[in-house]
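Dear colleague,

I am pleased to hand over the structure shown below. Please keep it open while reading the notes that follow.

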Amino acid sequence: MAGLAGRFARRWFSGLLGSPLQVPALGLHVRGPAMLASQKDFNNAVSQVKLLKEDPGNEVKLKLYALYKQATEGPCNVPKPGMLDFINKTKWDAWNALGSLSKEAARQNYVDLVSRLSASSESPSPEAPAADRKQPESDSLVVTSEDGITTIRLNRPAKKNALTTQMYHDIIAALQAASKDESAITVLTGSGDYYCSGNDLTNFTHLPAGGLEEMARSAAALLRDFVNCFIDFPKPLVAVVNGPAVGISVTILGLFDVVYATDRASFHTPFSHLGQSPEGCSSYTFPKIMGSSKAAEMLLFGKKLTAQEACAQGLVTEVFPDGTFQKEVWARLKAYSKLPPNAMRISKQIIRNREKEKLHAVNAEESSVLRERWQSDECMNAIASFLSRKAKL
Ligand SMILES: CCCCC/C=C/C(=O)SCCNC(=O)CCNC(=O)[C@H](O)C(C)(C)COP(=O)(O)OP(=O)(O)OC[C@H]1O[C@@H](n2cnc3c(N)ncnc32)[C@H](O)[C@@H]1OP(=O)(O)O
């Protein structure tokens with residue numbers, strides 16, 4: 001019976017990667033923000049699925065099927081198959097679960113999912129031990145693994161740990177490696193007196209040959225990839241906020257499982273001051289965490305929160321006196337890292353999985369809006385002011 005069921009399931013799920021996903025050109029009408037995946041990106045992703053070296057598993061194939069249907073036909077509006085039609089009912093359920101997700105967001109999510117699958121099927125070893133870990137390209141990021149904890153440390157204290165383009169790439173690589181290594185917990189922290197002063201504003205001064213438009217396009221793509229890694233990170237992710245935090249280092253905290261902060265920390269998202277708009281899924285996570293009016297005060301008016309305020313509003317898990325911060329936090333993390341790792345992973349999945357599709361859609365939209373913002377006069381003027389030392393937060 002099990003053999004029959006297995007064959008049945010295999011036949012059906014191989015069908016998922018069959019005809020509907022292999023339609024090469026669908027002649028869809030492309031609408032929505034320019035940043036979302038184009039029809040061409042989508043068609044490429046559809047072709048790429050066929051080239052995957054590893055079977056992604058039935059759950060993922062079902063997700064691909066649902067996103068494909070949503071992207072090409074829109075929300076599910078066909079009658080629900082009968083109870084005994086197991087195969088079509090499961091497919092229908094997966095499609096229907098996407099609700100009113102737009103065709104454009106579904107197309108983007110499909111492209112993102114295929115790109116993650118392609119990347120992971122190309123990675124050399126599923127369980128890369130710490131010693132084999134590819135070290136970051138620059139000293140601005142230090143990655144270590146000890147006592148069941150992988151620590152990713154921002155290490156540019158003279159620049160308040162501002163994030164360069166290379167650091168975004170290195171953090172993505174470090175998270176990908178940490179998701180497969182033997183550690184139970186992953187930590188992000190900073191060196192020196194700051195946790196992180198956000199995006200390095202000089203990133204905007206390195207204009208590529210394609211000019212401002214190309215710079216904004218590639219920054220938006222990098223931002224989306226960066227935030228996707230946090231959305232998908234499978235193990236407990238802890239922020240050890242050792243000092244003030246600004247911009248993107250604050251917004252992504254909504255994607256962490258636990259946030260410990262020194263009482264010297266502050267949390268500042270000055271997007272309007274910079275002519276920019278929220279990222280890191282904060283337009284969704286912050287209102288959920290702290291309520292819409294507190295979130296608006298931070299994200300629209302740039303209100304800076306103290307560590308105690310951030311804790312009262314649910315963004316921070318616990319605040320520690322600066323004098324004992326490191327000792328207390330690391331002792332606690334070492335104890336947590338001894339807990340059964342699979343149980344922690346599975347519990348995280350239960351807590352986070354039902355939100356993932358939504359978070360990917362929010363990330364795509366925020367990146368798309370920022371792509372436009374970065375080309376605006378408001379943003380250019382704010383950055384020019386900072387660089388000419390006229391403005392500081
Ligand atoms: C591709 C993905 C994009 C994602 C989108 C992300 C958006 C964001 O993160 S928005 C937030 C951007 N961050 C800022 O606007 C902060 C700018 N920095 C400041 O306002 C201040 O530096 C400070 C309040 C963070 C610290 O002030 P202070 O304690 O007085 O220290 P200094 O200003 O003297 O800083 C020392 C040194 O570091 C440089 N620096 C600090 N932060 C940044 C930064 N974000 N970008 C570039 N450079 C930064 C600062 O210029 C000083 O450099 P030197 O003068 O060469 O010593």
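In which helix is the place of Phe-286? Phe-286 belongs to helix 10, residues 282–290; helices (H or I, at least four residues) and strands (E, at least two) are DSSP runs, numbered from the N terminus. Please note that this is a predicted model, in which local features need pLDDT of at least 70 and side-chain atom pairs count only at pLDDT 80 or more, while totals for chains, interfaces and linings use all residues. Residues are numbered from 1 along each chain as its sequence is written, and side-chain values use heavy atoms, with hydrogens and water left out.

Phe-286 counts as buried because its relative accessibility is 0%; buried means under 20% relative accessible area, exposed over 50%, and partly exposed in between (1.4 Å probe, protein chains only). Not counting residues up to four places away in sequence, Phe-286 touches Val-250, Thr-251, Gly-291, Ala-295, Met-298, Leu-299 and Leu-315, where contact means heavy atoms within 4.5 Å.

The largest nonpolar core has 63 residues. Such a core is a set of buried Ala, Val, Leu, Ile, Met, Phe, Trp, Tyr and Cys residues joined through side-chain atoms within 4.5 Å. Tyr-195, Phe-226, Phe-230, Val-241, Leu-253, Phe-256 and Phe-267 touch the most other members. Helix 8 (residues 211–232) gives the most to this core, namely ten residues. A second, separate core of 23 residues includes Leu-62, Leu-98, Leu-101 and Leu-117.

There is also an open sheet of three strands, in the order 5-7-8, with mixed pairing; two strands pair if DSSP finds at least two bridges between them. Strand 5 (245–246) and strand 8 (305–306) stand at the edges with a single partner strand each, so one side of each is left without a neighbour in the sheet. Strand 7 (residues 266–268) and strand 8 run antiparallel and are joined by two bridges. Within this pair, Ser-266 stands opposite Thr-306 in strand 8.

Finally, the domain assignment, which is automatic or from a database, gives domain 1 (39–119) and domain 2 (141–391). Their C-alpha centres lie 29 Å apart. Nine residues of domain 1 are in contact with seven residues of domain 2. Between the two domains there are two salt bridges, each a side-chain nitrogen of Lys or Arg within 4 Å of a carboxyl oxygen of Asp or Glu. The side chains of Lys-63 and Glu-357 also meet in a salt bridge, at 3.8 Å from N to O.

With kind regards
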